[in-house]
Amino acid sequence: MPSPSPLMTLPRELHLSIIDQLDFFPSSMTLRLANTHFYNLLKPLNYQEMLAVEKSDYALFHDVVPCHGCRRLRPGHKFNEYQRHVCVRGCQHREERTCIECNVRAIYDSSGREGGGGGGGLFQ
């Protein structure tokens, strides 16, 4: 069995101190994806934080946009043309913007067919 990384042998307090030195986004969120320890240590972005991140240089360069439906940062191509180009960063309706998958799930769930909003929907 391989020995743990030197970073993982540091105490939790030092991990928190390192995290405090990182940019909130994307550095700390990238660290959150490194392993389960950091995933559990760092809280996920809330939707208001995602809306703030949307204006960052990183988000603009990588074309990432928050989805109100699934509460994730999604690539711009995951949104329809209106929400991608008309309801852009800073639009008054951007807090209601949802990706195509969430739109389809809402239609699929409300149609009375399989799903019905109780989980087990189309894109789970």
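1. Is tyrosine 58 buried, partly exposed or exposed? With a relative accessible area of 33%, tyrosine 58 is partly exposed, where buried means under 20%, exposed over 50% and partly exposed in between, using a 1.4 Å probe and protein chains only. Phenylalanine 25, at 17% relative accessibility, counts as buried.

2. Please keep in mind that this is a predicted model, in which local features need pLDDT of at least 70 and side-chain atom pairs count only at pLDDT 80 or more, while totals for chains, interfaces and linings use all residues. Residues are numbered from 1 along each chain as its sequence is written, and side-chain values use heavy atoms, with hydrogens and water left out.

3. The protein chain has an average pLDDT of 81, and 81% of the residues score at least 70; pLDDT is the predictor's confidence in each residue, from 0 to 100. Over residues 115-124, however, the pLDDT is below 50. Where pLDDT is low, the predicted coordinates should not be read in detail.

4. The structure holds one aromatic pair, a term for rings of Phe, Tyr and Trp (its six-membered ring) whose centres lie within 6.5 Å, with planes under 30 degrees apart counted as stacked, over 60 as edge-to-face and the rest as tilted. Phenylalanine 25 and tyrosine 58 form this pair, which is edge-to-face, with 5.2 Å from centre to centre and 80 degrees between the planes. Because phenylalanine 25 lies in helix α2 and tyrosine 58 in helix α5 (residues 57-62), the pair ties together parts that are 33 residues apart in sequence; helices here are DSSP runs (H or I, at least four residues), numbered from the N terminus.

Technical notes: Contact = heavy atoms within 4.5 Å. Helix = DSSP H or I, 4+ residues; strand = E, 2+ residues; numbered from the N terminus.
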